[in-house]
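Good morning, and thank you for joining this meeting.

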Amino acid sequence: MSAEACHTCPVYSQSALKRLGVDVGQAGYVVALAGNPNTGKSTVFNALTGLRQHVGNWTGKTVARAEGGFTFGDKIYKVVDLPGTYSLLSTSVDEEIARDFILFGRPDVTVVVADATRLERNLNLTLQILEITDRVVVALNLIDEAKRHGITIDDRHLARRLGVPVVPMAARKMQGVPELLQAIEAVATRAFVTRPHRIQQRDPQLEHAIRQLVAGLERDFPGMPNVRWVALRLLDGDPSIVEAVRSGTLAHDQLPQVPTLTQEAPLPEAIAV
Amino acid sequence: MTQANLLETAARLRRELGDGYHDKLMEAIYGDAAQIADQSVSRDEQQARLTFDRWLDRALTHPVAGFLVMGLLFFAVFWITITGANVPSSMLADFLLGVVYNWLHMGAAALHAPAWLSGLLIDGVYMATAWVISVMLPPMAIFFPLFTLLEDFGYLPRVAFNLDRLFAKAGAHGKQSLSMMMGFGCNAAGVVATRIIDSPRERLIAIITNNFSICNGRWPTLILMGTIFIGAIMPPALASTLAAASVVVIAVLGIVTTLVVSWALSKTWLKGEASVYSLELPPYRPPQIWRTLYTSLIDRTIIVLWRAVVMAAPAGAVIWLSGNIFIGDMSIAGHMVNWLNPFGLLLGLNGVILVAYIVAIPANEIIIPTILMLTLTLGRNIAGAQAGVMLELDEAQVHTVLTQVGGWTLLTGVNLMLFSLLHNPCSTTIMTIWNETKNLKWTTVATLLPLGLAFLVTFLTATAARLAGLA
């Protein structure tokens, strides 16, 4: 057996993981962690970065972004743990933080942490994220709990339908972390070409309206990757997207300073019970 | 102006599509999600349903039993904390305030250090710090892991569920029960947690009332007062039970205050209807006991203690200086205490307590050490007690100092508990409120409304006790 075989083994890839804590330095790639509340985003975050962010078994524990890093292979990855949201279509501050980061922050990979015991509801958010970015990995977490509930998930079928890698995990037991790392690397380096699922608009009038706006957006903001989603939000009259179009902050070269991206939680002694 | 064109087109298309657009989009998303999930998930119907989980949920969120269990669980947590902290607390006090304190003074004498220097460093900085550690470390090291275990298990969202109905009746957002829970650890964290509330009106209510969740810095004060003033009424066998009960009563009173103030605000200043939302009850998870013990000890206990120590050291210096620098025939602290004493007594407190609360604005953690140091320093001057007496303060001796040197009664103890519950938030929390609201008016309201309420309530209890001839 050659050494080559080792490199494809998940156990090997785990040993190639170096946790950097908060010392991110010059990150090659930015990875965002998104997902419904209480699906284990912070547990996955801690598993990747070696940080000990407080993990709570309840909804709404993370309301600000937490950042950390790791190296894998020869690349440095910065990980951003976003607040949990059910959707990207509403307006509370925590949902806006998550939405703005995925939209304006343009992470290289967005890991959607999904709860295997409640797949359908988790897919609602996953599909919305797939409308915004095609560089997604789905971490199908809590697979052990699903098994306990008698739920089996055909993750290959799921991956085919979503068009992105799906990694079954039990992050609390560190199961699936090596596989997740490989998937993140594959999507970040574009070794894995995703073919993201698009929401089927069955209404011809709506489809027409979207196409018209997409054409306009592509003309005004050439090279913007998520025109379809921006078009959907413009049709909905989303005030922050309308504002971004008006002020031109949607354009790629003006992106780095989006207010919510620099907004840090003022928590010097954030001790949460 | 192509952007303007684009927006006009969008607005026109939006009008053409009509109101049904948003629903159509949601329908499309939900339809796709349901279809994909349906094809990927298979369920083993034979597998035992999680009847235990369901049974537990029914009990824990029952309209009557839910509240009973809640009271009992919190009572158990405090009882274990109070009984468990007794012995290590007095051992620590013996060691830090007895043995080490004497060593330090002997060392200072051997080095011929001037009296003002050893006084400032040993009687000021060191003693305040040592008191903070011996008063706070044992209860925190027991309380935090217990609370974290409850959280890990998934109990806190059930509490939120129980309280949700009450919050809705108070005209507040149900998610406020979650930010309130967060406030039981740290009010600054609780204020940030209100970000989960999307309506600005309800978020402001949650921010203003978060102060009534007792934070880490205040639990030790309540536990100590409950132990030495209220528990002491009873024979020793029942003392810790009553002490724990008194702390639970204060915590429940905090929740009641939160509801009442929320209701009053939503009927006056912040009028409006309560929003509808969905609250998810997470599955019960077996707590990871060792991990919980480790993280709650490191992350919580040590961080809180460190903050207290950092605040206590300079406060100790300030207290010692103000107690030893004289203007006329009285120390600065003496002037302040005398000046505030009439007002303090009116509230069933005293001047020392009010001065301590001014010193402790940066951190509630140092209230008890500040009170003790002020009482002893001034008591020495006022009551003519000997310098350096009774430094190895265990709980019984704290009681002796407060009653005999400080002239405290049961009313003082009870009103200190009430004042601790209601008074203004600490400076970190005030800064956080400012950061979250960027509004001077609401920051001021969130700061002064609790303080006013604290004055009012303690004045009423003091007056009632005096009229009833109890104090």
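Let us begin with a question: is R118(A) buried, partly exposed or exposed? Please keep in mind that this is a predicted model. R118(A) is partly exposed, because its relative accessible area is 26%. Its salt-bridge partner is D115(A), with the closest N and O atoms 3.5 Å apart. D115(A), in turn, is buried, at a relative accessible area of 2%.

Over all chains, the count of salt bridges comes to nine. Another of them joins E67(A) to K78(A), with 3.7 Å from N to O. E67(A) belongs to strand β3 and K78(A) to strand β4 of chain A, so this pair ties together parts eleven residues apart in sequence. Both are partly exposed: E67(A) has a relative accessible area of 29%, and K78(A) has 24%.

I turn next to R228(A) and E131(A), whose side chains meet in a salt bridge at 3.5 Å, N to O. R228(A) lies in helix α10 and E131(A) in helix α5 of chain A, so the pair connects parts 97 residues apart in sequence. E131(A) counts as buried, at 2% relative accessibility.

What of the cysteines? The structure holds zero disulfides over all chains.

Finally, I come to the surface of chain B. I233(B), M234(B), L238(B), L410(B) and V414(B) form a nonpolar patch there, with about 410 Å² of accessible area together. L238(B), which is found in helix α11, is partly exposed at 44% relative accessibility.

Technical notes. Residues are numbered from 1 along each chain as its sequence is written. Chains are lettered from A and ligands numbered from 1 in the order in which they are written. This is a predicted model: local features need pLDDT of at least 70, side-chain atom pairs count only at pLDDT 80 or more; totals for chains, interfaces and linings use all residues. Side-chain values use heavy atoms; hydrogens and water are left out. Patches are made of residues with over 30% relative accessible area and no salt bridge: like charges are joined within 9 Å, nonpolar side chains (Val, Leu, Ile, Met, Phe, Trp, Tyr) within 5 Å. Accessible areas come from the Shrake-Rupley method with a 1.4 Å probe; for residues, only the protein chains shown count as cover. A salt bridge is a side-chain nitrogen of Lys or Arg within 4 Å of a carboxyl oxygen of Asp or Glu. Helices (H or I, at least four residues) and strands (E, at least two) are DSSP runs, numbered from the N terminus. Buried means under 20% relative accessible area, exposed over 50%, partly exposed in between (1.4 Å probe, protein chains only). A disulfide is a pair of cysteine sulfur atoms within 2.5 Å.
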